[in-house]
Amino acid sequence: MVEGIPSIWRKIPNRYRLEGNVCETCETAYFPPRVVCPKCRRKGKLVKKRFSGNGKIYSFTKVYTPPTGLELDAPYHLAIIELSEGPKILGQIVESDDKKVKIGAQVKMVFRKMKEDGNAGLIHYGYKFKVID
Amino acid sequence: MIGIVSYGAYIPKYRIKTEKIAEVWGEDSDRITKGLGIIEKSVPNVDEDASTLAVEAARIALKRADIDPQEIDAIFVGSESHPYAVKPTSTIVAEAIGATPHMTAADLEFACKAGTAGIQICLGLVKSGMARYGVAIGSDTSQGRPGDALEYSASAGAGAYIIGQKNLVAEINGTYSFTTDTPDFWRRPGQDYPSHGGRFTGEPAYFKHVGSAARGMMERMNTSIEDYDYFVFHQPNAKFPLRLAKKMGIPKEKVTPGLLTPYIGNTYSGAIMVALSNVLDQAKPGARILVSSFGSGAGSDAFDITVTDRIEEVRNRGTKVKEFIDNKEYLSYGKYVKHRRKLKM
Amino acid sequence: MRKVSIIGAGMTKFGERWDKGIPELIAEAGVRALVDANLSGEEIQAVYGGTMAAGRLVGQEHIGALLADAMGLNPLPSVRVEAACASGGVALRQAYLSVASGMYDIVVVGGVEKMTDVSTGDATIALAGAGDIEWEFFSGATFPALYALIARRHMTEFGTTEEQLAAVAVKNHENGSHNEFAQFQNKITIDQVLNSKPIADPLKILDCSPITDGAAAVVLASSDIAKKYTDTPIEIIGSAQASDTLALHDRESLTSLKAARVAAENAYKQAKVTPKDINLAEVHDCFTIAEVLAIEDLGFFPKGKGGIATLEGETALNSKISINTSGGLKACGHPVGATGVKQAAEITWQLRGEAGKRQVDNATIGLTHNIGGSGATAVVHIMKRAD
């Protein structure tokens, strides 16, 4: 699936540098940023927040059958990461041995190419993670 | 005072040994390993390119610096493997480190010396007061034609330098460049791999320019070889910088700390930037360094650098070059072909 | 609210239907349901249809009109419902509400998906649309990967094993072997599942439901007129639906689908029954782990005990509770938009006592559990043979 250019563009702050937001009323952090705080609704006050990219693995899998476009990347680890600031996020785990990819393992964010729209289209960049030794 | 506020280098995790490449082409691997002085070279992952390497190096530089990315007024990324022919790498880096939007950015290309060209531009902008901080990055995921001599050396790496006037880890005492039009190496538009002049890349190109820039720098600073603790020369292979040092009468031990080609290959625009980072990772305060880069086509930028006391405070904040060199995983030639996307899908 | 009953059911053979497109499939299922309900067609007042991804899979939108047209039901109003893999179940619920409200007396609900016109890679991408495209698919998440993340947590928190998951597939293939409409009618063993090709660790190909073409349809009528058309109307005594976060990682827990629990609770309340009263259930086993979650979320087994209960045979035909007598999504097949409607058809046949070799003895109350995405939509229906 080719993601539209404006769609890629508007998510650059989130995907390049983990920009989300935090509700000042209930102090819950959100990634990606939410328009409405689901806990406080109208009483919520959301402000921008940049996440550190540090966290730990909450659950993981190794994907052997990738979607079209990620054939060269497969097999790859995919995990739900619990960021140190609270929210959970889905991301690939790169360059980490099977033995190290486990629930509770500490990870840090890395900047990687996510996919390419063929040879002539845009290159999508974003966050992936790596297990810290 | 003007100089290096912070620095960061990045080398991908993967390596391929010279012997694995030699084996594919039926070459004598001992002869090639000895001839080039390259044991193995770095290989990027499938999802890495010059911009991702540049971002990683810049993030390490920021980690070592006590500055707000919003104070960065200029970013220059030098590369001969920019992911796009048209569309800047520098804007990708600027967004990823949070330096946008009140700043300027541009991509540079001058074969292997585009990174040092960026340092010179940043020096000019900072000294003139046009920028508070400037970031110069050299980053490449270079490719050699399969079977060509360059396939043994063309590798991947990046180095990033934050140039400013406060809290310096190293002062830049002066810079001098030596430039001519010398067609030793080139790549035409639409070509996947570069072409080169074989032995012509040696004397009239590398040795003439790197040597002239180094000597010119010393003349201008009124210094001699004894005044420097380290010499960092561009390193397309391990032979050239050592031969140049010998010719100039520089003791080998002043060159080897900044000679990484044997372990990572030639990271092109990243080469001199990563090599200097490795020297900064170990140099004592007060150490003086002479750097001379080389870009085919051809030119050399020399820098006279003095390390400050602050180096010891900041260098442990980021991953060191040695750690990147040691953290490695070897690839077969087949996997290497996949990593370099030489496979047509 | 009026009471509503199912008076007719029909489905196509599920599988790789190379020679049939959406119009042929839905017409085949629709006509069978109409014949089953003893209707000529004039009695029907509206059409509801569930389909998930016709636009991506065959390039066709405007499925509402297409369904009415293909079944020869113009000019009736026709609505297409999309709720990912729960499209069929949600269409059934919309149809139910339209009759319960008194707006219509008789309506037909269809569900259809044509999935084999595209490559497996493209079908995978189309299905990924059931999750969060911007924050899951972007990172390389496939549907099996999301359920694998669920499975890993379940295994970690409760000690569920790959063998227990495999038992779900083995049991559903056993049931499917008695269903002439099932895509797979072969029996398999636990070893075969465990040794099958890895898809997203710990899930293997035999833990996954297949890519399927197929359609199903049921006819709903107000209960007070249902007996005019059939001796055995099947009354819908509970219908509930709930929503949750689109992205799996935004959930508090991965080991239970909150939307399914809420929908089940509300359906039980409306039906005035408890999990113990249910004789059989068609649950959403898009992956083996999904059936484990389902039988726990529905209250048939305590949290964390679904895997072991399955391995010990408690969900087999005519055991403690008969789960997925049709073969489930795993063996009967999973043409996504059709699944929720097929589940209702299977319960109808079971409660009528027409399920042949896979008949549940003394089946009185049955339940359907249909999930969209990784749990962002859940719809539960409870059905009872009218006295």
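Student: How many residue pairs are in polar contact between chain C and chain A?

Tutor: The count between chain C and chain A is 13 residue pairs, both residues at pLDDT 80 or more. A polar contact is a pair of N or O atoms within 3.5 Å; within protein, one must be able to donate a hydrogen and the other to accept it, and residues adjacent in sequence count only if both atoms are side-chain atoms. This is a predicted model, in which local features need pLDDT of at least 70 and side-chain atom pairs count only at pLDDT 80 or more, while totals for chains, interfaces and linings use all residues. Residues are numbered from 1 along each chain as its sequence is written, chains are lettered from A and ligands numbered from 1 in the order in which they are written, and side-chain values use heavy atoms, with hydrogens and water left out.

Student: Why is the pair K11(A) and E134(C) called a salt bridge?

Tutor: The closest N and O atoms of K11(A) and E134(C) are 3.2 Å apart. A salt bridge requires a side-chain nitrogen of Lys or Arg within 4 Å of a carboxyl oxygen of Asp or Glu, so the pair qualifies. The rule finds one salt bridge across the interface of chain C and chain A.

Student: Which element gives the largest share of the side of chain C that touches chain A?

Tutor: Helix 6 of chain C does, with eight residues. Helices (H or I, at least four residues) and strands (E, at least two) are DSSP runs, numbered from the N terminus.

Student: What makes strand 4 of chain A and strand 5 of chain C a pair?

Tutor: They are joined over two bridges, in the antiparallel sense.

Student: What area do chain C and chain A bury between them?

Tutor: They bury about 3000 Å², 63% of it on carbon and sulfur atoms. Buried area is the accessible area (1.4 Å probe) that two parts lose on being put together, summed over both. On the side of chain C, W135(C), F138(C) and H249(C) supply 26% of the area buried against chain A, more than any other three residues.

Student: Within chain B, why do D281(B) and R64(B) count as a salt bridge?

Tutor: Their closest N and O atoms are 3.6 Å apart, so the pair falls within the limit already stated. Four salt bridges are found across the interface of domain 1 and domain 2 of chain B.

Methods
Pairing = 2+ DSSP bridges.
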